[in-house]
Amino acid sequence: MGGIKDDVGHVPLLEAEEEEEGWRPLRLRGSYLGIFGSIVFLVSMAALIIYQGHDYYDEAKIENKGNNNNNYNKVPRGVAEGVSAKSNSFLSETTPSYNWTNAMLSWQRTAFHFQPERNWMNDPNGPLFHKGWYHLFYQYNPFSAVWGNITWGHAVSRDLIHWLYLPEAIVRDMWFDINGAWSGSATLLPGGEIVMLYTGYTDQQVQVQNLAYPADASDPLLLNWVKYAKNPVMVPPPGIGPHDFRDPTTAWFGPDNKWTLTLGSMVNDSGLSLVYKTTDFINYELNDHFLHIVPGTGMWECVDFYPVSINGSVGLDTSANGPGVKHVLKASLDDTKLDYYAIGTYFIENDTWIPDDPDLDVGIGLRLDYGKYYASKTFYDQNKQRRVLWGWINESDSEVADITKGWASLQTIPRTVLYDKKTGTNLLQWPVEEIESLRLSSHELKELLVKPGTVVPLHIGPATQLDIFVEFEIELLESEGIVNNVEGCGVGAVERSAFGPFGILAIANDELSELTPIYFRLSNYGNGTSTTTTTTTSTSFCVDETRSSKAPDVSKLVFGSKVSVLSDEKLSLRVLVDHSIIESFAQGGRTVISSRVYPTEAIYGAARLFLFNNATDINIKASLKIWQLNSAFIRPFPFHNTQ
Amino acid sequence: MANLKTTTTLFFVLFLIAMTSLPSITLCDENLIESTCRKTPNFNLCVQSLKAFPGSASADVRGLGLIMVKVMQSKANDAINKIRELQRSGPSPALTSCASKYNAIVVGDIPEANEAFSKGMPKFAENGANDAANEATFCENGFNGRSPLTQQNNAMRDVAAITAAIARQLL
């Protein structure tokens, strides 16, 4: 560069070079132009090279929305309303790992949550009820405790609680699913036939939808499945990427005498739901408009779409519609690994849906579960006329631990889903009643007083398999000055404020060196219902994992969200404790938080249950009913016995 | 004469335009490596690692991710070899712990990331890569400041972080 610039003034050099014929009259001007052009060219080339060499990573500032697993020991500030910390931040320079013993790792396995005998599981698939049996299929790796080699695992149960393992239902043996037999849903036809649609990843690396059906529909166990010979039945349409096309829903029958179904996709970072119609589940027509689209939400996985009754008393068949019915649209967001839903209106005339509240649209509003939870799916249980929700709970520990213990992931206890007719703005989730069959002994404790800054041990025996019901009453104390009014979950249960936190400490040891607080925090409190007109009280419901374990190589976050508490309601809590999973339900299931905990000391007989009140200005009176829960003895189907 | 002047001027202008646009044509594939690497925590290491592999010039972002998984594999092997060498002269709990961490990387994280990139499920590639970075950190921290594996652990962690960032770009 410098060399050429120097040459600019060096006319004599150029003159000396060009002794050729025929150029003399123009040579000088032409050569100036040529030199100038070369300079511009070279300067611009240099600029190009320099620009491209820059590391713009800091500028790009990739949002910390990634793997929850990696937020070890760091509680981000302001983790509060509905926002679980999503941090890709790597460990601090001094974070050691932990010497996990076999006893600690074995303890983590649950007693009554569905999990395979070993290896990795993710999304629940094709749940259904057929000839007296509930069926659960699931994404499964037969070889390892990490994701991969995905096939469909299969299990059956009479009661959604006591599961029996069956052989794999769908394996990757055709060109149209050789690279993955991914998620899908079942549709039960009026004649009793079962149709399964699932996503296959082909040998050409394209996501497609495939049709499968039971080899023998009279087999109550639905052991064997047949794949339609001319799969796939749906391929990515124009404008949809080959990797943005998966997880077909259950189909619903409409007044047009066709079956309609939907599956998630994205265009330009807008998540959306495509609509397909069919009469035979073999030939499909794509609608020219989406069921719904929400900009900026990214790829929608595991879309679910179903009706709810606004009377809120029973579940509805997926094809139900009419006055008194609203529709729920749900998506799992690939970008943030969170499940969102919205309630709205389905316009069946043109297969579009709009949310009741656009500010609470899919992907930006309510979440089904504010903890570790993803890929959820409902089905209509025609046996008991209820809509039942499954959700996948991943591990929050390191993969070394998963490989050592030989398994990873759980499903939640199935939950019924109903429209909350009292608020009209959200769903209610509740563990299926069949869990009560696990109940052994119980303890009932009434109006236990818990003063500010105190912890009350509950003597209920073993504390690793529990069904806990609590109701709280609040007594406002005279105070000299209201402490800082922390709103939301704060940085956890250590953060005191006037009206919270208070709740229970689960999987805690006597020394309280390990504990998992599950709590409420009110922003305000009045003496009676009249105060709700003068001040607005917001109640936050939270689970604080930050001290759940001394081990630094597990994720320990504070999860939570606001929960509506109506004036005629007491604060109430239901908690299912099952070793390394805790499912917490506030206000009858208005807000739900699933949590994974990996204690090192608060295990086996050392695990305890406490009440606590870390508020400064209120007394708490708690009434509890606590059941010990039995194991569900989930095991292989006893084929050698007669049924 | 006037014609010749105009033609020559035109020729030079066109030449100029051609020259300035040429770089953007010949550097097209290199741009993808660089634009991808720009969005990772270590641009230089990313570019250097990718360019060392022959297929990288024509790979798409997914292909670049797969190449980085190969780089992770090679760094893991380096670490394992070093661990074995160190264990011969004097085993220690920290070394044993590192061995299990790197075993998990090789047995779990790398196959997971590899399959996830191949099969268009980048979120699991991100999981695997992030976990590998963490395992390397755990190994390093197990020595309380006097680690004989710092170079290998840093290499593993840096390369895994780049791989995770590439996976995120595919989400």
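Which residue in β29(A) is the bridge partner of A:G503? The partner is A:Y519.

## Basis of the report

This is a predicted model, in which local features need pLDDT of at least 70 and side-chain atom pairs count only at pLDDT 80 or more, while totals for chains, interfaces and linings use all residues. Residues are numbered from 1 along each chain as its sequence is written, chains are lettered from A and ligands numbered from 1 in the order in which they are written, and side-chain values use heavy atoms, with hydrogens and water left out.

Helices (H or I, at least four residues) and strands (E, at least two) are DSSP runs, numbered from the N terminus. Buried means under 20% relative accessible area, exposed means over 50%, and partly exposed lies in between (1.4 Å probe, protein chains only). On one side of β29(A) are A:T516, A:I518, A:F520 and A:L522, and on the other are A:P517, A:Y519 and A:R521; both faces are covered.

Two strands pair if DSSP finds at least two bridges between them. Strand β28 of chain A (residues 502-508) is joined to β29(A) by 5 bridges, and the two run antiparallel. Strand β30 of chain A (residues 539-544) is also joined to β29(A) by 5 bridges, again antiparallel. In β30(A), A:S540 stands opposite A:R521.

A:D544 lies in strand β30 of chain A. A:D544 counts as buried because its relative accessibility is 1%. Contact means heavy atoms within 4.5 Å. Not counting residues up to four places away in sequence, A:D544 touches several residues, including A:T516, A:P517 and A:Y519, as well as A:G492 and A:V558. The side chain of A:D544 also makes a polar contact with the side chain of A:T546, at 2.5 Å. A polar contact is a pair of N or O atoms within 3.5 Å; within protein, one must be able to donate a hydrogen and the other to accept it, and residues adjacent in sequence count only if both atoms are side-chain atoms.

A:S595 is placed in strand β34 of chain A (residues 591-596). With a relative accessibility of 0%, A:S595 is buried. Its side chain makes a polar contact of 2.7 Å with the side chain of A:E545. Leaving aside neighbours within four places in sequence, the residues in contact with A:S595 are A:V543, A:E545, A:F559, A:S580, A:I581 and A:I582. The C-alpha atoms of A:S595 and A:N268 are separated by 33 Å, and these residues are 327 apart along the chain.

## Salt bridges

Side chains of opposite charge can pair when their charged atoms come close. A salt bridge is a side-chain nitrogen of Lys or Arg within 4 Å of a carboxyl oxygen of Asp or Glu. The count over all chains is 37 salt bridges. One of them joins A:K384 and A:E433 (3.3 Å, N to O). This pair links distant parts of the chain, 49 residues apart: A:K384 is in the loop between β19 and β20 (386-393) of chain A, and A:E433 is in the loop between β24 (427-431) and β25 (439-450). A:K384 is partly exposed because its relative accessible area is 36%, and A:E433 is partly exposed at 46%.

A:R590 and A:E569 meet in a salt bridge of 2.8 Å, N to O, and both are buried. In chain B, the side chains of B:E85 and B:K82 form a salt bridge of 3.7 Å, N to O. These two residues lie in helix α4 of chain B, 3 residues apart, about one turn of the helix. B:E85 is partly exposed at 43% relative accessible area, and B:K82 is partly exposed at 24%. Salt bridges that share partners join A:D381, A:K384, A:R386, A:E433 and A:E434 into one network.

## Nonpolar cores

A nonpolar core is a set of buried Ala, Val, Leu, Ile, Met, Phe, Trp, Tyr and Cys residues joined through side-chain atoms within 4.5 Å. The largest has 56 residues, and A:W147, B:L50, B:M72, B:Y102, B:L149 and B:M156 touch the most other members. Helix α4(B) gives the most to this core, with 12 residues. A second, separate core has 50 residues, among them A:W100, A:F472, A:I474 and A:V577.
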